[in-house]
Amino acid sequence: MKSIVGSFIALFLCTVLVAQDLPTVTYEIDATQNLDTFAVSLSLDGKLDKSATIFQFASTAPGTYQTMNIGRYVSDFKAFDAKGKELTVTKQSVNQFVISKPQKLTRVTYLIAETFDTQVDEYPIYLMCGSSIENDHTLINAHTVMGYFEGNQKSPIRMRAIGLDGWNEGTALSKVDDYYIADDFDHAVDSPILMGNLTGASTDVAGTKVEIYTYSANDKYESKILLDNMADMLEATRKFLITLPVDRYTFLYFFEPTPPGVTGAWEHSYSSEYVLAEDDPTPDKLRGITDIASHEFFHIVTPLNIHSEVVESFNFVKPTTSVHLWLYEGVTEWASNIILFRGGVIDEDDYLTNAVVQKILVDERYFDTSWSLKKISDESFNGGEAAKQYGNIYYRGSLVAGLLDIKLLELSDGESGLRELMLALVKKYGKGNPISEDTFFDDLADMTSPEIRPFFDKYILEVNPLPHEEYLAKIGLKLEREESGRISITKMEEMTDQQQKLYDAWSMRL
Ligand SMILES: [Zn+2]
């Protein structure tokens with residue numbers, strides 16, 4: 001994910017069980033009855049087990065690192081048997097409703113407020129992970145309108161989103177008759193739906209079908225322009241990854257003049273959702289949008305394919321942290337920038353200024369540098385100071401990934417950096433084959449060099465000043481700090497053979 005905080009910085013902010021015994025849940029989500037609230041009804045095509053007493057709303061969602069407590073938005077929750085008689089329901093905790101005699105249940109109805117325009121005292125939900133209803137659009141992130149019965153997270157889902165006549169819809173889900181089909185609750189959450197007066201555009205990138213749908217309140221942004229603007233980025237990403245790991249991908253864009261909360265983007269397996277301020281589409285603004293798209297698109301690699309067991313079987317009941325947030329967000333941010341440099345979309349000076357110098361300045365001046373990357377992940381679900389420091393995963397996390405790249409190049413004599421390591425991880429792991437939460441650092445040392453192991457302790461698990469000057473010098477770059485605080489990075493006029501070799505490997509165009 002990538003969120004945008006503050007005005008000056010685009011502060012960059014995702015068990016296989018046999019399901020055939022579980023009843024299919026059919027949702028009707030009506031956005032037309034009220035401008036702030038979804039009227040939801042769900043029905044079952046079979047019987048629940050009598051142990052399925054709890055209907056669970058999400059406490060968080062994959063890739064958000066944010067406590068959400070969706071139960072806060074629910075009202076008028078009712079459960080019915082086949083004769084239409086109400087079953088007793090009690091609210092057990094913020095996200096849990098207990099239903100008496102679930103084996104008799106056939107239907108549930110409830111109201112659930114949109115997250116955009118509902119005030120909450122704590123844990124405000126990022127807009128790109130939330131829900132919205134207005135006269136000309138609706139945004140549905142499934143965890144903000146749907147839940148699941150205890151033990152039935154793997155139930156197949158059909159859902160119909162009811163919007164106004166004439167609206168079009170964008171989502172990565174496929175549709176059968178009038179219903180979107182999801183394998184299970186996780187798949188539904190992985191597939192946001194944008195409806196309304198949308199523009200659309202599509203293209204093909206080396207066999208991958210890319211679609212864009214855009215809602216722009218004042219028609220300032222059109223899908224075709226956004227797509228043209230990101231064409232070079234998509235091609236650079238393909239070169240970096242050699243082949244794109246998906247055969248289709250959908251970008252969902254939402255622009256409004258004054259978004260009511262934290263804007264940014266959220267990654268999914270076959271799509272990403274962007275909620276952004278509808279400023280004038282200047283070249284800078286368009287570039288910023290593509291930079292965020294580059295970040296989200298790279299998430300297909302991690303955490304969507306390379307992730308620990310904590311992410312593999314996602315716990316919607318209780319937020320669970322993973323120490324490998326540095327990989328999911330830090331490496332992703334680094335990759336999304338260096339892809340543009342090595343792919344020839346931006347030049348070296350641009351890369352060093354915007355992806356290195358600017359990130360050093362933000363890390364050192366805006367954030368508390370006594371927070372290690374591990375502490376940022378440990379505390380990621382807490383509000384207050386933790387929520388503020390979380391944003392540094394995109395700065396310090398990206399800088400540490402850049403240093404790791406240099407160290408790996410040094411240890412392999414220029415043969416293999418972080419890109420090559422990521423490509424090796426894609427081959428070795430993948431969905432259904434998670435990395436180990438506990439032994440991953442040792443496993444990385446086994447895959448590369450034992451000499452890399454202390455790097456993880458020093459710059460991820462513990463907190464130490466980042467050795468920018470020392471590491472950049474290894475690749476023949478000189479970092480200088482002026483009294484004014486300005487930082488510059490320039491190429492050394494004379495490089496040793498070793499520096500030249502590592503510089504050539506580091507700056508090699510794809
Ligand atoms: Zn991200």
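Let me begin with two residues, phenylalanine 57 and tyrosine 110, both of which are buried, where buried means under 20% relative accessible area, exposed over 50%, and partly exposed in between, with a 1.4 Å probe and protein chains only. Please keep in mind that this is a predicted model, in which local features need pLDDT of at least 70, side-chain atom pairs count only at pLDDT 80 or more, and totals for chains, interfaces and linings use all residues. Residues are numbered from 1 along each chain as its sequence is written, and side-chain values use heavy atoms, leaving out hydrogens and water.

The structure holds 40 aromatic pairs; rings of Phe, Tyr and Trp (its six-membered ring) pair if their centres lie within 6.5 Å, and planes under 30 degrees apart count as stacked, over 60 as edge-to-face and the rest as tilted. The rings of phenylalanine 57 and tyrosine 110 have centres 5.2 Å apart and planes at 90 degrees, so this pair is edge-to-face.

Tyrosine 148 and phenylalanine 185, by contrast, form a tilted pair, with 5.0 Å from centre to centre and 50 degrees between the planes. Tyrosine 148 counts as buried at 7% relative accessibility, and phenylalanine 185 is buried at 0%.

Now to helix α14, residues 497-506, where helices (H or I, at least four residues) and strands (E, at least two) are DSSP runs, numbered from the N terminus. Its buried residues are Gln499, Leu502, Tyr503, Ala505 and Trp506. Seen down the axis of α14, they fall within an arc of 160 degrees, so they line one face of the helix; the arc is that of the directions from the helix axis to the C-beta atoms.
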